[in-house]
2 protein chains.
Amino acid sequence: MGKKCVEVCFSPAMFERHANDEALIVVIDVLRATSAICTAFANGAREIIPVTTIEEARAMKDRGYLIAAERDGFVLDFADFGNSPFNFTGDKVSGRTIVYSTTNGTSIIRMASSCAGVLIGSYLNFTALADWLIKQERDVIIFCAGWKDRFNLEDTLCAGAFVEKLLDSGEFTTICDSAVAAVDLWGLAKHDLMAYVEKAAQRTRLRDKGLDDCIDYCHTFDKTSIIPVLKGDSLFPL
Amino acid sequence: MGKKCVEVCFSPAMFERHANDEALIVVIDVLRATSAICTAFANGAREIIPVTTIEEARAMKDRGYLIAAERDGFVLDFADFGNSPFNFTGDKVSGRTIVYSTTNGTSIIRMASSCAGVLIGSYLNFTALADWLIKQERDVIIFCAGWKDRFNLEDTLCAGAFVEKLLDSGEFTTICDSAVAAVDLWGLAKHDLMAYVEKAAQRTRLRDKGLDDCIDYCHTFDKTSIIPVLKGDSLFPL
């Protein structure tokens with residue numbers, strides 16, 4: 001094939017308009033689901049089962065699974081822990097299967113499941129995933145979780161970082177306005193990323209709830225080379 | 001009230017998540033519907049009836065209305081003319097009622113009709129509309145038509161120009177990531193707007209169809225001080 005195409009989808013509400021069954025989908029929810037998933041596998045988790053509803057998560061709890069579940073940043077009462085990547089420590093997750101349900105990030109993993117592949121992206125596994133995507137003969141859609149179907153800045157910036165790297169490889173092109181915008185916003189942010197992330201509404205939401213201890217960590221490049229991939233209904237390391 | 005809030009909605013697919021019945025909605029479809037609507041009123045049109053479907057437009061044709069209708073840039077066969085603002089000349093539209101249906105812009109005017117007010121925005125009536133918004137005691141949502149439910153650059157840039165002006169007035173604040181992104185993209189574009197608009201996919205689409213003669217015109221500030229507003233099912237000058 002000629003150059004591959006990369007697109008960015010800013011919200012689950014727009015995914016149907018981007019969806020391309022032949023493409024690889026990279027799901028991004030920097031604060032905090034996909035950062036947490038990468039951390040869990042880096043710390044030895046065996047399998048993560050993303051579920052959409054609280055009811056599904058509760059039913060899986062009754063079947064004995066380890067449950068990570070939150071809504072709007074707060075841990076659900078029946079869950080073993082919530083959505084901070086710092087919860088997914090080796091002593092808790094190594095060798096385990098985790099059922100995971102969050103406000104935005106986990107439901108969209110299933111939305112993308114009809115596509116050629118679903119990968120989990122974050123800054124934490126940035127270079128490993130980008131280098132892998134460059135080697136595949138597939139178009140790529142970076143699918144931002146957003147916030148309750150709305151655009152968010154922190155996922156857009158990470159998407160822009162991925163698009164910039166894919167375009168710089170010479171293997172990709174884009175005719176997607178969202179991808180152009182994401183790269184340009186990343187260009188404004190990258191020289192002082194944490195200062196720019198201060199502008200994001202989710203930054204404020206997490207601070208207001210005292211849940212912002214992981215913000216710096218979630219914006220750290222290349223803590224792991226693991227690429228989580230959806231196989232059937234579960235995520236595994238590639 | 002304290003400071004008013006301004007938000008930006010990037011796509012009709014996300015509007016439900018932004019909608020606020022107490023807010024004023026500014027619909028923007030720079031290339032070309034809202035630029036054409038402002039032009040039509042500047043040239044003396046009496047009333048514009050936005051309709052969503054081709055069937056509605058055709059039925060109105062049978063009732064004797066002047067019809068402007070296009071899909072994907074092409075004039076529908078039964079229409080009197082299409083979507084270029086250059087069609088809406090005084091000799092054609094002065095004193096007339098026009099039924100108008102386009103790919104993206106006209107259907108969203110109706111989507112917003114339950115809100116406190118629906119105004120039509122473009123660069124062509126920028127200062128008049130922004131100054132009017134600053135004087136109202138209402139929150140504002142800038143509603144980008146986008147392209148087939150996707151994000152587009154040209155509407156986002158115009159939205160960013162409006163948000164910047166509203167924030168600069170001191171009367172508005174925002175906690176909306178889309179508004180922050182739109183202002184920052186506008187900041188990148190404004191010093192050479194036409195060069196930046198070259199990046200937009202719609203720029204390429206219109207050029208490919210030989211429909212790009214109006215691009216410069218549609219990015220010209222303040223050709224008119226008319227503010228089109230939705231009253232019932234029709235647009236009139238405010």
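User: Where in chain B is B:Asp222 found?

Analyst: B:Asp222 lies in the loop between helix H11 (215-218) and strand S10 (228-231) of chain B. Helices (H or I, at least four residues) and strands (E, at least two) are DSSP runs, numbered from the N terminus. The model is predicted: local features need pLDDT of at least 70 and side-chain atom pairs count only at pLDDT 80 or more, while totals for chains, interfaces and linings use all residues. Residues are numbered from 1 along each chain as its sequence is written, and chains are lettered from A and ligands numbered from 1 in the order in which they are written.

User: Which residues does a cis peptide bond join in chain A?

Analyst: The bond joins A:Leu31 and A:Arg32, with omega about 15°. A:Arg32 belongs to the loop between strand S2 (24-28) and helix H2 (33-42) of chain A. In chain B, the peptide bond from B:Leu31 to B:Arg32 is also cis, with omega near 15°.

User: How do you know that the two copies are related as by a two-fold rotation axis?

Analyst: Superposition is by least squares on the C-alpha atoms of residues with pLDDT of at least 70 in both copies. Chain A can be laid on chain B with an RMSD of 0.0 Å by a turn of 180° and a shift of 0.0 Å along the axis. The copies are therefore related as by a two-fold rotation axis. Of the residues of chain A, A:Ala13 comes closest to this axis, at 2.8 Å (C-alpha).

User: Why are the copies said to meet through the same surface?

Analyst: The reason is that 100% of the interface residues of chain A are also interface residues in chain B. Contact (C-beta atoms, placed from the backbone, within 7 Å) links 23 residues of chain A with 23 residues of chain B. H8(A) gives the most to the side of chain A that touches chain B, with seven residues.

Technical notes: Contact = placed C-beta atoms within 7 Å.
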